[in-house]
Amino acid sequence: MSLQMLFAIASIASYFSVSAIVVHGPKLSARQAIYAIGKRETVCGIVSRIQQTPENNLKPTFITLGKPDRDRAFEIVIVKNDLPRFGPGPANWNGKRVCIRGRIRSYDDHPIIIASSPDQVHIRQ
């Protein structure tokens with residue numbers, strides 16, 4: 001499935017759902033997220049990498065939680081149009097513990113959650 005198709009599906013889904021972060025209750029680690037594809041979960045981890053991909057029309061920002069190994073890397077994805085909603089936040093998240101709530105999807109054989117609202121994200125200082 002293409003990245004643009006995933007964003008279209010996520011946009012429609014987020015329009016019809018409440019995306020407030022749940023800070024209480026069970027949370028998955030970045031490594032456990034691979035086993036919850038298709039489920040709405042809260043995933044937490046330490047931000048280890050922030051990367052923007054300007055060559056794609058959507059210009060997504062990929063925020064890697066946990067160890068950035070190719071097999072089980074978990075990423076938060078924020079597209080260019082949604083990025084201003086997050087203020088200067090994502091650029092300052094490196095090394096911080098971040099929790100995100102949303103539907104876990106598979107992209108390029110690893111789990112992602114597409115963040116369209118800051119309400120989905122909780123930063124622990």
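**The core and what surrounds it**

Author: The largest nonpolar core has 19 residues, and those with the most contacts inside it are V43, L65, F74, I76, W93 and I100. A nonpolar core here is a set of buried Ala, Val, Leu, Ile, Met, Phe, Trp, Tyr and Cys residues joined through side-chain atoms within 4.5 Å. Strand 2, strand 3, strand 4 and strand 5 are the elements that give two or more residues to this core, and strand 4 gives the most, with three residues.

Reader: Before we go on, what kind of model is this, and how are residues numbered?

Author: This is a predicted model, in which local features need pLDDT of at least 70 and side-chain atom pairs count only at pLDDT 80 or more, while totals for chains, interfaces and linings use all residues. Residues are numbered from 1 along each chain as its sequence is written, and side-chain values use heavy atoms, with hydrogens and water left out.

Reader: Thanks. How many helices and strands are there, and in what pattern?

Author: The protein has one helix and eight strands, which follow the pattern α-β-β-β-β-β-β-β-β when read along the sequence. Helices (H or I, at least four residues) and strands (E, at least two) are DSSP runs, numbered from the N terminus.

Reader: And what share of the residues counts as buried?

Author: Of the 125 residues of the protein, 41% count as buried, where buried means under 20% relative accessible area, exposed means over 50%, and partly exposed is in between (1.4 Å probe, protein chains only).

Reader: Which strands does strand 2 pair with, and in what sense?

Author: Strand 2 (residues 40-52) runs parallel to strand 1 (residues 28-29), with two bridges joining them. Strand 2 also pairs with strand 5 in the antiparallel sense over seven bridges, and five bridges join strand 2 to strand 3 (residues 61-65), again antiparallel. For two strands to pair, DSSP must find at least two bridges between them.

Reader: Are C44 and C99 buried or exposed?

Author: C44 is buried, with a relative accessible area of 5%, and C99 is buried as well, at 2%.

Reader: What about G45, where is it found and what does it contact?

Author: G45 is found in strand 2 and is buried, with a relative accessible area of 7%. Leaving aside its neighbours within four places in sequence, G45 is in contact with L65, K96, R97 and V98.

Reader: Now for charges: how many salt bridges does the structure hold?

Author: The structure holds one salt bridge, in which R85 pairs with D82, the closest N and O atoms being 3.0 Å apart. A salt bridge is a side-chain nitrogen of Lys or Arg within 4 Å of a carboxyl oxygen of Asp or Glu.

Reader: Where does D82 lie, and are D82 and R85 buried or exposed?

Author: D82 lies in the loop between strand 4 (74-78) and strand 5 (97-103). D82 is buried, with a relative accessible area of 10%, whereas R85 is exposed, with 51%. Beyond its neighbours within four places in sequence, D82 is in contact with A115 and S116.

Reader: Which other residue of that loop is exposed?

Author: P84 lies in the loop between strand 4 and strand 5, and P84 is exposed, with a relative accessible area of 62%.

Note on methods: Contact = heavy atoms within 4.5 Å.
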